[in-house]
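Here is a short briefing on one protein chain. Take a look at the model before reading on.

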Amino acid sequence: MTGQRSDARRNYQRILAVAEAEVAAHGAEASQEQIARTAGVGSATVRRHFPTRRALLEAVFQERIEALCERAHQLSATEDGRTALLEWLHAFVRYAVSARGFAHILSYEPPTEKPSPSSCGSRIEAAGAPLLQRAIRDKAVAPHVTFHDLLTLAVGIALATEHHTDPDTQADRLFRLAVEGLSPEQGTAGVPGSSGPSALVTESLPNEGV
């Protein structure tokens, strides 16, 4: 029995190592069959350890998710709530842009679903939502902004710039536009259907720190 458990652990680690390389090369659509062949196991073994594609991707990005959660915890001690939120959200966007497939595991969790507390989306929300709530209390963020809005923003920027020749630069530009607003000095004037503040934050993005 002990030998079987050791074999299963070795298979898991080998599959995960191969999956990390395949996802880095091909993104979220990396072939599970190719992963099995490269790892020297059967497709059934891969599915036994990772029954869904999302389960495989979440395992691949486990350390990245933990790093994002830890960063949120560190920034909770920052004196300025707005700075803390924007630094974390910017790190989130950079993470999503730098790792192919990372944004896809979050786009698999639309708001109509109720993901388990252990899902990547739930863990990221548990870490980042307090930063948003604090910024709202500080009146640095419009009160109608939800954490899902921030998640959608980060995922959207990452997916939109995935195949850009310089995704980091383009993602930074889009992030700054989203924070500053298309016309920050005009507020919502001239925007059809505007009935209240639509900007993410009430000030321009600082030139440093984000």
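Leaving aside neighbours within four places in sequence, Gln32 is in contact with Phe50, Thr52, Arg53 and Leu56. Contact means heavy atoms within 4.5 Å. Gln32 itself lies in helix α2, which covers residues 32-39. This is a predicted model, where local features need pLDDT of at least 70, side-chain atom pairs count only at pLDDT 80 or more, and totals for chains, interfaces and linings use all residues. Residues are numbered from 1 along each chain as its sequence is written, and side-chain values use heavy atoms, with hydrogens and water left out.

**The chain as a whole**

- The protein chain has 10 helices and 0 strands. Helices (H or I, at least four residues) and strands (E, at least two) are DSSP runs, numbered from the N terminus.
- From the N terminus on, the order of elements reads α-α-α-α-α-α-α-α-α-α.
- Of the 210 residues in the chain, 40% count as buried. Buried means under 20% relative accessible area, exposed means over 50%, and partly exposed lies in between (1.4 Å probe, protein chains only).
- Take the contacts between residues at least 6 apart in sequence: 69% of them join residues at least 24 apart.
- The accessible surface of the chain is about 11500 Å², and carbon and sulfur atoms hold 51% of this area. Such areas come from the Shrake-Rupley method with a 1.4 Å probe; for residues, only the protein chains shown count as cover.

**Two helices that cross**

- Two packed helices are described by the angle between their axes and the distance between the axes.
- The axes of α6 (residues 81-98) and α8 (residues 120-137) come within 8 Å and cross at roughly 145 degrees. Axes are lines fitted to C-alpha atoms, for helices over the stretch in contact, and angles run from 0 to 180 degrees between N-to-C directions.
- On the α6 side, Gly81, Ala84, Leu85, Trp88 and Phe92 take part; they meet Ile124, Gly128, Leu131, Leu132, Arg134 and Ala135 in α8.
- By class, this contact of α6 with α8 has 8 nonpolar, 2 polar and 1 charged residues. Ala, Val, Leu, Ile, Met, Phe, Trp, Tyr, Cys and Pro count as nonpolar, Asp, Glu, Lys and Arg as charged, and the others, Gly among them, as polar.

**Buried or exposed?**

- Gln32 is buried because its relative accessible area is 19%.
- Ala96 belongs to helix α6. Ala96 counts as buried because its relative accessibility is 6%.
- Beyond four places in sequence, Ala96 is in contact with Phe102 and Ala158.
- Thr161 sits in helix α9 (residues 147-161). At 1% relative accessibility, Thr161 is buried too.
- Not counting residues up to four places away in sequence, Thr161 touches Val97, Pro167, Gln170, Ala171 and Leu174.
- Lys139 is in the loop between α8 and α9. Lys139 is exposed because its relative accessible area is 69%.
- Lys139 is not a glycine, yet its phi is positive, at about 60 degrees.

- The mean pLDDT of the chain is 82, and 79% of its residues reach 70 or more. pLDDT is the predictor's confidence in each residue, from 0 to 100.
- Over residues 186-198, pLDDT stays under 50, and the model has 7 contacts beyond four places in sequence for this stretch.
- Residues 202-210 also have pLDDT below 50, with 23 contacts beyond near neighbours in sequence.
- Where pLDDT is low, the predicted coordinates should not be read in detail.
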